[in-house]
Amino acid sequence: MHIQEWLETVPAVSVYLLVGVVIGLESLGIPLPGEIVLVSAAILAATQDHIDPFVLGACASGGAIIGDSIGYIIGRKGGQPLLTWAGRKFPKHFGPDHVAMAEAKFDKWGMWAVFFGRFVALLRIFAGPLAGVLKMPYWKFLIANVLGGIVWAGGTTALIYSVGIVAEPWLKRFSWLGLVAALLFGVGSFIVMKRRAQKAAAEREAEAPVPATVD
């Protein structure tokens, strides 16, 4: 079966649920490719008439908001020991360098770190739990969470869907290339954030005072 014919058989409700659940779990603090899934689904909506982009955007927004809220509660209850535990379990995502970079963003931007963090691959995982650990007032978190979830999920869906409509004839012939492009986009954004975390760690080491030696 051609990939285009197979995609036409995928139930729309399955796509909506997949997007909502993956983005929700990522926002909760579990390292999952939420952006890749959303971009891929938006491309799919542009080439498949049975997938409604408005419903897709709503499911993605709902998953982002609910996941972040649960992550906030978990972070609030678990506190700093939670980050320590996550660092041992997922050192590539919750290592000291990543946590330090996220905390620096929160110290600088406050509640808007939650909003802008929605647009950054690494900070999406941290935003909810870290806001809870740092005991950010819930009303501040909620405002930034709702606005960030709607703007990021709805905006990404609208942008990719619009581009997909323009490129629909090409995507229908080479639909698998569209999915590969979405994958490369998500992986690229993650690599950029990882390099920034490593750079921040190197700068902290350079600025750290050298312990005095005893003769």
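User: Let me start with two helices, α2 and α4. In which hand does α2 pass α4, left or right?

Analyst: This is a predicted model, and in it α2 crosses α4 in a right-handed way.

User: How is such a pair of helices described in general, and what are the angle and the distance between the axes for α2 and α4?

Analyst: In general, two packed helices are described by an angle and a distance, both taken between their axes. Here, α2 covers residues 12–28 and α4 covers residues 53–78. Their axes lie 7 Å apart, and the packing angle is about 25 degrees.

User: Next, the contact itself. Which residues of α2 and α4 meet?

Analyst: Read it helix by helix. From α2 come Val-15, Tyr-16, Val-19, Gly-20, Ile-23, Gly-24, Ser-27 and Leu-28. From α4 come Val-55, Leu-56, Cys-59, Ala-60, Gly-63, Ala-64, Gly-67, Asp-68, Ile-70, Gly-71 and Ile-74.

User: How do the residues of the contact of α2 with α4 divide by type?

Analyst: Twelve are nonpolar, six are polar and one is charged.

User: Now α2 with another partner. At what angle do α2 and α3 pack?

Analyst: About 160 degrees, with the axes 9 Å apart. The cut-off here is the other end of the scale: over 145 degrees counts as roughly antiparallel. So α2 is roughly antiparallel to α3. The crossing of these two helices is left-handed.

User: Which residues of α2 and α3 make the contact?

Analyst: On the α2 side, Val-15, Leu-18, Val-19, Val-22, Ile-23 and Glu-26 take part. On the α3 side, the residues are Gly-34, Glu-35, Val-37, Leu-38, Ala-41 and Leu-44. By type, the contact of α2 with α3 has nine nonpolar residues, one polar and two charged.

User: How do I read a core? Which residues touch the most other members of the largest nonpolar core?

Analyst: Look for the members with the most links. The largest nonpolar core has 22 residues. Val-15, Val-19, Ile-23, Leu-38, Ile-51, Leu-56 and Ala-60 touch the most other members.

User: Which helices each supply at least two residues of this core?

Analyst: They are α2, α3 (34–47), α4 and α10 (138–166). The helix that gives the most to this core is α3, with eight residues.

User: Take one residue from that list. What is Val-19 in contact with?

Analyst: Skip its neighbours within four places in sequence. Val-19 is then in contact with Val-37, Leu-38, Ala-41, Leu-56 and Ala-60.

User: How do I judge burial? Is Thr-157 buried or exposed?

Analyst: Compare the relative accessible area with the cut-off: buried means under 20%. Thr-157 sits in helix α10. Its relative accessible area is 2%, so Thr-157 is buried. Beyond four places in sequence, Thr-157 touches Leu-38, Ala-42, Pro-53, Leu-56 and Gly-57.

User: Last, the whole protein. How many helices and strands are there?

Analyst: Twelve helices and zero strands. Of the 215 residues, 45% are buried. Take contacts between residues at least 6 apart in sequence: 79% of them join residues at least 24 apart.

How values were computed
Residues are numbered from 1 along each chain as its sequence is written. This is a predicted model: local features need pLDDT of at least 70, side-chain atom pairs count only at pLDDT 80 or more; totals for chains, interfaces and linings use all residues. Side-chain values use heavy atoms; hydrogens and water are left out. Axes are lines fitted to C-alpha atoms, for helices over the stretch in contact, and angles run from 0 to 180 degrees between N-to-C directions. Helices (H or I, at least four residues) and strands (E, at least two) are DSSP runs, numbered from the N terminus. A crossing is left-handed if the near helix is turned anticlockwise from the far one by less than a right angle, and right-handed if clockwise. Contact means heavy atoms within 4.5 Å. Ala, Val, Leu, Ile, Met, Phe, Trp, Tyr, Cys and Pro count as nonpolar, Asp, Glu, Lys and Arg as charged, and the others, Gly among them, as polar. A nonpolar core is a set of buried Ala, Val, Leu, Ile, Met, Phe, Trp, Tyr and Cys residues joined through side-chain atoms within 4.5 Å. Buried means under 20% relative accessible area, exposed over 50%, partly exposed in between (1.4 Å probe, protein chains only). Angles under 35 degrees count as roughly parallel, over 145 as roughly antiparallel, 65 to 115 as roughly perpendicular and the rest as oblique.
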